[in-house]
Amino acid sequence: MKVTLKCYISSVPEYLLRHNQKASDGSLTDGLAHLPRGYRAAFFKEFPSLKPLAKKLEVHHELPQRTLKEDLFHPAEINDPHVMKGVTKEVHEAITTEWERFFFLNPNANRKAIIDQMQFIRNRDRSEMLP
C-alpha cells in the first residue's frame, strides 16, 4: 500500500520508514524541493483557516530540519505541511529545546528514533498544536 505525503502521522507511515532513495547522480528522488523560506506560506495555504492566527503562530517542523543535512529524511517528508504544526513562540522554543536535548543524548539517532521522538512530542503537546 502506498502512503502519500499528505497524511497525518498518527502511526508510522510507510514513507517515513523507507530509506531515502538516491538517483544515479546522487540526488534524492521524488518529492518537493527544500523550501527554506516557502514552508510557512505552504503551511498556511494548506490550512487557510489558520491564516487569521498567522501573526501569533510559528510554523514548527515536526521532523527537525537538521535531519536534512544528515540525509536521514527527504525534504518532501520534512516540508510536507501535514508534518508541520502552528504553535506559539513559547511552545516552539520548548519543543526546539527538547529536540536539542534529544540530539545531544542521541548523536547517532536513526530514522526510527527520530520518528519515535516526534510522536512523543506530538502526543505530549497535542493540545498546543494546530491543526
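**Entry 1: P64**

Which residues does P64 touch, not counting residues up to four places away in sequence? I looked this up before anything else, in what is a predicted model, and I found that P64 touches I78, W99, F103 and I114. I then placed P64 itself, which lies in the loop between β1 (58-61) and α3 (66-69). With a relative accessible area of 9%, P64 is buried, since the cut-off for that class is under 20%.

**Entry 2: the chain as a whole**

I stepped back to the overall layout and counted 6 helices and 2 strands in the protein chain. Read along the sequence, these elements follow the pattern α-α-β-α-α-β-α-α. The protein chain has 131 residues, of which 42% count as buried. For contacts between residues at least 6 apart in sequence, I noted that 66% join residues at least 24 apart.

**Entry 3: W99**

I found W99 in helix α5, and I recorded it as buried because its relative accessible area is 6%. Leaving aside neighbours within four places in sequence, W99 is in contact with H60, E62, P64, I114, Q117, M118 and I121. The C-alpha atoms of W99 and I114 are separated by 9.3 Å, and the two residues are 15 apart along the chain.

**Entry 4: I114**

Which residues is I114 in contact with, once its neighbours within four places in sequence are left aside? My list for I114 reads L63, P64, T67, L72, F73, W99, F102, F103 and A109.

**Entry 5: the helix pair α5 and α6**

The axes of α5 (residues 89-105) and α6 (residues 111-125) come within 12 Å, and I noted a crossing at roughly 150°. The two helices are therefore roughly antiparallel to each other, given that angles over 145 degrees are put in that class. The handedness of this crossing is right-handed. On the α5 side the contact is made by I95, E98, W99, F102 and F103, while α6 contributes A113, I114, Q117, M118, F120, I121, R124 and D125. Sorted by class, I have 9 nonpolar, 1 polar and 3 charged residues in this contact.

**Entry 6: nonpolar cores**

Which members of the largest nonpolar core touch the most other members? This core has 17 residues, and the ones that touch the most other members are L63, F73, W99 and I114. Both α5 and α6 supply at least two residues each, and the largest share, 5 residues, comes from α5. I also recorded a second, separate core of 8 residues, which includes Y39, F47, V59 and M84. As background I kept in mind that in soluble globular proteins nonpolar side chains tend to be buried together.

**Entry 7: the stretch between α3 and α4**

I then went to F73, which lies in the loop between α3 and α4. Is F73 buried or exposed? At 1% relative accessibility, F73 counts as buried. P75 has its place in helix α4, and I recorded it as buried at 12% relative accessibility. From P75 to Q65, 10 residues apart in sequence, I noted 8.5 Å, C-alpha to C-alpha.

**Entry 8: the segment after α6**

Where is P131 placed? P131 is in the segment after α6, and the peptide bond that leads from L130 to P131 is cis, with omega near -15°.

Definitions and conventions: Residues are numbered from 1 along each chain as its sequence is written. This is a predicted model: local features need pLDDT of at least 70, side-chain atom pairs count only at pLDDT 80 or more; totals for chains, interfaces and linings use all residues. Side-chain values use heavy atoms; hydrogens and water are left out. Axes are lines fitted to C-alpha atoms, for helices over the stretch in contact, and angles run from 0 to 180 degrees between N-to-C directions. Helices (H or I, at least four residues) and strands (E, at least two) are DSSP runs, numbered from the N terminus. Angles under 35 degrees count as roughly parallel, over 145 as roughly antiparallel, 65 to 115 as roughly perpendicular and the rest as oblique. A crossing is left-handed if the near helix is turned anticlockwise from the far one by less than a right angle, and right-handed if clockwise. Contact means heavy atoms within 4.5 Å. Ala, Val, Leu, Ile, Met, Phe, Trp, Tyr, Cys and Pro count as nonpolar, Asp, Glu, Lys and Arg as charged, and the others, Gly among them, as polar. Buried means under 20% relative accessible area, exposed over 50%, partly exposed in between (1.4 Å probe, protein chains only). A nonpolar core is a set of buried Ala, Val, Leu, Ile, Met, Phe, Trp, Tyr and Cys residues joined through side-chain atoms within 4.5 Å.
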